Amino acid sequence: MELICPAGTPAALRTAVDAGADAAYCGFADATNARNFPGLNFSRRELAEGIAYAHRSDVKVLVAINTFPTAGAQALWHRAVDDAVAAGADALIIADVGLIDYAARTHPDQRLHLSVQAAASNPDAIGFYVRRFGVRRVVLPRVLTVSEIAAITRAIDCETEVFIFGGLCVMAEGRCSLSSHVTGQSPNMNGVCSPASHVTYREEGGTLVSRLGDFTINRFAKGEPAAYPTLCKGRFKTSLGSGYLFEDPVSLDAAAILPGLRAAGVTALKIEGRQRSRAYIEGVVRGFREQLDALDVGEKPPADRLATLTEGQSSTLGAYRKNWR
Amino acid sequence: MTTTTPMKLTLGPVLFNWEPDVWRDFYFRIADESAVDAVAVGEVVCSKRMPFFDDHFPAVLERLTAAGKEVLVSSLALVTLERERKRTAELAQAGEWLVEANDISCICHLAGRPHVVGPFVNVYNEGTAQWFAAQGARRICLPPELPLKSIAAIAAATPQAEIEVFAFGRAPLAISARCYHARLHKLAKDNCRFVCAADPDGLPVDTLDDERFLVVNGVQTLAHACTNLILDLDDLVQANVASLRLSPQHCDMVAVIRTFREVLDGKMPPERGFRELAAIYPDVPTTNDFLRARATTAKSPGLVSANTVRSL
Amino acid sequence: MPPVPTLPRLITRTLQPLPLGPLQLPLSLVLRSVVARHPHIFERLGEHAHKRFGLEPSDLPFSFVLAPHPETPSLVAVRSLPAGIPVRIAGPLLALLGLIDGSYDGDALFFSRDLVVEGDVEAVLALRNAIDDAGVDLVADTAALFGPLAPLSERLLAGALLRLKDVAGAAKHEGARTWN
């Protein structure tokens, strides 16, 4: 199985390559990709240099152009596709039907991957993208169990890529307007979920209060592990009780089920975290490289040491376990 | 001189888990008493609820058709299970009704035949709208989060399809594999006992500061505030919007439809229409923030803290 | 990621009465060297380069104000952060240094509550990402100030930093005992 690693900056890309990635994924520094954060992402020149660096180590570079183009401003997204192809990207990761159509028509030889943001969660939807646009790989949404993934890989004519570590969308990806509702900035349109520009942290006598836009998302008691103020991992009140209604502030960690994912026919394993530092990339990529190498030779994998890097300092298998639902 | 076609009104599918008899009688009344042009019917949120409505489905469709309503049958939004996939394919392939597709796995069976693209399919720009129109989409209901500028650009570039906008009701914000109603009731999704039926208008979710915020509806999350574009109709007409979607809430929807119709026909001033709607669906603040590309703000205090637990 | 060591209270107390004046020149020189050796930092900072960042090592009796303006960058030591500073980043000195040299992940330090962030979070992210990409190496960047003596200075500085980490590591153990 291939190990697909995040690269928010050129330095992170070099770190991922050196730590044992099979491919790194990255995006341009604008709204065309779903990690449109301040100080992050690549210029055209940086992408070309990054691709050259990766290719010297036989590592692939996948370029995410995975937001939904703004009506009346599609040219920015078309240019991103053209420039990524020109830079020698090994694949483009796209979500929008119109943009995939553009890429397939304009660059028929370019390898295309379907972004998780397209939320193609069953063989019919995936087959549609394969037949109409020649998509070669689908990144599966984080709503499926391992046995459902196995059924999908059997039923489709393209490769599958699944998330194994990092931030965990609780909602079906690409179909969530929670951030948009509260901040006016959406993952689909602006490439940001719960953007930093709308986040405030306040210390209130040892209690950390996190707010997003006009709303309090969480309060962390003194010493309690903290989390990003993403809506789906906040504390709320209902008539049936209060607390983490949607999901605890946890990260996905599928290290324990790598053999199961391999048996399910998964082609590639994806690590989330283009917004994270080199230290994270180094730790997580190296950790999973060791796990995969051990798996390949049938050895017992080394112990998982990634807990300190996870949100809320705890992890979950998410939807891979059926009872998560 | 150009002639303008009057704005259509479309009743969206009931998103909440209503009692089957209530659900049936609701549609009978819509057929008999409302001035709505089109009605979308079908379970969009949770496939587990489908069997409850199956018995009433033929009668509802027949009654609506007999009343001269254009009938759309809506497909499920999130399709993961094999039985969901089968059912979606059957619905698309039956060819009996105009289908409103809410997932690509439905659209893929409809190519070349007239159909409607529902609000759960991502159409954010003219390129995508034109692509779907070329496949046979004759109407596209845009995702609720689209701002007016995007709506206008899509409608201008896609004259071959009717563009519909979410104009009344709690806007759907997210859908998940996880059921929050079951989770709140400490039940497994597979053994959920259909607890979502207890909240026919959604279960309110407040912030820690006791502000009304969201509502949950099984696997779906919606805004607490009610989208209401009755004061924005001029802009929507200007933007070449062809149809307004009114999404059923637990209130007198016949009156909601009548109010929109009268304002559209110039028989009622928009401000009075707005006041009427506030009386028809009281205690829920209204919003047009998505249309105006604004973040929403805390609009009303929560009711939970006033009479129940503060923490669990 | 290793746990974050804090400096022993003895060091903090010893430093308390010392004047900050003599710190200013070395700070300016180090900042100038970092900026000269990593000019791309400003591209990533964008508009945020015109903001002031308060850096508050929780185990030192003073703080720093960083103003990474492209033309006139400044780093100043202060007894306490001025009121109304748009950004406050607080944590153990070695955590702040580890953020700069890439040995710590900022998000992880935030999750574990070792790092406190207040104010303009977008500016904090931009600064963090710009520094992380630049590959700032405080030891090498400082040693570069010494021209031909750079290699020797680098060894001495690296040794000093290791010593600091040792002391802080020991302090962690100290803190674990309940003698006080």
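Chain C is built from eight helices and five strands; helices (H or I, at least four residues) and strands (E, at least two) are DSSP runs, numbered from the N terminus. This is a predicted model, in which local features need pLDDT of at least 70, side-chain atom pairs count only at pLDDT 80 or more, and totals for chains, interfaces and linings use all residues. Residues are numbered from 1 along each chain as its sequence is written, while chains are lettered from A and ligands numbered from 1 in the order in which they are written.

**Chain C as a whole**

- The C-alpha atoms of chain C fill a box of roughly 50 × 40 × 35 Å along the principal axes.
- The radius of gyration of chain C is 16 Å, which agrees with the value near 16 Å for a compact globule of 180 residues (taken over C-alpha atoms; the globule rule is 2.2 Å times the number of residues to the power 0.38).
- Of the 180 residues in chain C, 34% are buried (20 or more other C-beta atoms within 10 Å of a residue's own, with C-beta atoms placed from the backbone).
- Among contacts in chain C with a separation of 6 or more, 69% join residues 24 or more positions apart (two residues are in contact if their C-beta atoms, placed from the backbone, lie within 7 Å).

**Where chain A meets chain C**

- Chain A brings 30 residues to this contact, and chain C brings 27 residues.
- On the chain A side, helix 1 (10–19), strand 8 (199–204) and helix 10 (278–296) each give two or more residues.
- Strand 8 of chain A provides the largest share of that side, five residues.
- By class, the chain A side has 14 nonpolar, 11 polar and five charged residues (Ala, Val, Leu, Ile, Met, Phe, Trp, Tyr, Cys and Pro count as nonpolar, Asp, Glu, Lys and Arg as charged, and the others, Gly among them, as polar).

**A look at Pro141(A)**

- Pro141(A) sits in the loop between strand 6 (137–139) and helix 6 (146–155) of chain A.
- Pro141(A) is buried, with 27 other C-beta atoms within 10 Å.
- Leaving aside residues up to four places away in sequence, Pro141(A) touches Val116(A), Ala119(A), Ser121(A), Ala172(A) and Glu173(A).

Key. A residue is buried if 20 or more other C-beta atoms lie within 10 Å of its own, exposed if 12 or fewer, and partly exposed in between; C-beta atoms are placed from the backbone.
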